[in-house]
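Visitor: Hi, I'm new to this one. Could you walk me through it?

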Amino acid sequence: MSYVLTCPNCGVREVTDFGYGGEVSARPASRPTRRELNTYNYFRRNVAGVQREWWFHRSGCRVWFVAERDTTTNEVDWTALPAEAPGTNDPQTPEAAKAGGEGLRGKAGGERSETG
Ligand SMILES: [Zn+2]
């Protein structure tokens, strides 16, 4: 299904210009439990309705931004740069989350001795 998204920098573009980054999810505390980390990494609400998502302007300014989209109609309520998105505290782009995840795994490395 084709629809349009508004890049906060470039304006209205076809959705094919963008890459989908998944739901915006709350970042766990600085020292999350294993359960919190697993929830953050693997569980998605996948709602039928309005959901906050990451999008990447792949064919344009190559910036990550946040959009609220109704997943049933593909109507986009608004888009904003992460710093300007309402009600989002310190949102982490999917790329930054990936890097952070590796860091957390590294810190938990000591626990690996139980298997080896
Ligand atoms: Zn753009």
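Visitor: OK, how many helices and strands does the protein chain have?

Guide: The protein chain has two helices and six strands. Starting at the N terminus, they come in the order β-β-β-α-β-β-β-α.

Visitor: And what's the mean pLDDT of the chain?

Guide: The mean is 82, and 78% of the residues reach 70 or more. pLDDT is the predictor's confidence in each residue, from 0 to 100.

Visitor: Where is confidence lowest, and where is it highest?

Guide: Helix H2 (residues 94-107) is lowest, at a mean of 59, and strand S2 (residues 11-14) is highest, at 96. Over residues 102-115, pLDDT stays under 50, and the model has one contact beyond four places in sequence for them. A contact here means two residues whose C-beta atoms, placed from the backbone, lie within 7 Å. Where pLDDT is low, the predicted coordinates should not be read in detail.

Visitor: Got it. Which strands make up the open sheet?

Guide: The open sheet has four strands in the order S3-S4-S5-S6, with antiparallel pairing. Two strands pair if DSSP finds at least two bridges between them. S3 and S6 are the edge strands, each with a single partner, so one side of each has no neighbour in the sheet. Direction ignored, neighbouring strands of this sheet are turned by 30 degrees against each other on average. Those angles use axes that are lines fitted to C-alpha atoms, for helices over the stretch in contact, and angles run from 0 to 180 degrees between N-to-C directions.

Visitor: How many bridges are there between S3 and S4?

Guide: Four bridges, in the antiparallel sense, between S3 (residues 19-23) and S4 (residues 50-56). Gly 22 stands opposite Trp 54 in S4, and Tyr 20 has Trp 55 of S4 as its bridge partner.

Visitor: What about the next pairs along?

Guide: S4 and S5 (residues 64-70) run antiparallel and are joined by seven bridges. One of the partners there is Asp 70 in S5, which faces Val 50. Five bridges then join S5 to S6, again antiparallel, and Ala 67 has Thr 79 in S6 as its bridge partner.

Visitor: Switching topic: which residues form the largest nonpolar core?

Guide: That core has 10 residues: Leu 5, Cys 7, Phe 18, Val 24, Trp 54, Trp 55, Phe 56, Phe 65, Val 66 and Ala 67. Strand S1 (4-7), S4 and S5 are the elements that give two or more residues to this core. By definition, a nonpolar core is a set of buried Ala, Val, Leu, Ile, Met, Phe, Trp, Tyr and Cys residues joined through C-beta atoms within 7 Å.

Visitor: And what counts as buried?

Guide: A residue is buried if 20 or more other C-beta atoms lie within 10 Å of its own, exposed if 12 or fewer, and partly exposed in between, with C-beta atoms placed from the backbone. Buried residues make up 14% of the 116 in the protein chain.

Visitor: Which residues does Phe 65 touch?

Guide: Not counting residues up to four places away in sequence, Phe 65 touches Cys 7, Pro 8, Trp 55, Thr 79, Ala 80, Leu 81 and Pro 82.

Visitor: Where does Arg 62 sit?

Guide: Arg 62 is in the loop between S4 and S5. Its phi is near 60 degrees, a positive value in a residue other than glycine. Arg 62 counts as exposed because it has 10 C-beta neighbours inside 10 Å.

Visitor: What about Asn 74: where is it?

Guide: Asn 74 is in the loop between S5 and S6 (75-80). The hairpin of S5 and S6 has four residues between the strands, and Asn 74 takes a positive phi near 60 degrees there. Asn 74 is partly exposed because 13 other C-beta atoms lie within 10 Å.

Visitor: Last one: how far apart are Arg 13 and Gly 60?

Guide: They are 47 residues apart in sequence and 9.2 Å apart in space, C-alpha to C-alpha. Arg 13 lies in strand S2.

Conventions. Residues numbered from 1 in each chain as written. Predicted model: local features only at pLDDT ≥ 70, side-chain atom pairs only at ≥ 80, totals over all residues.
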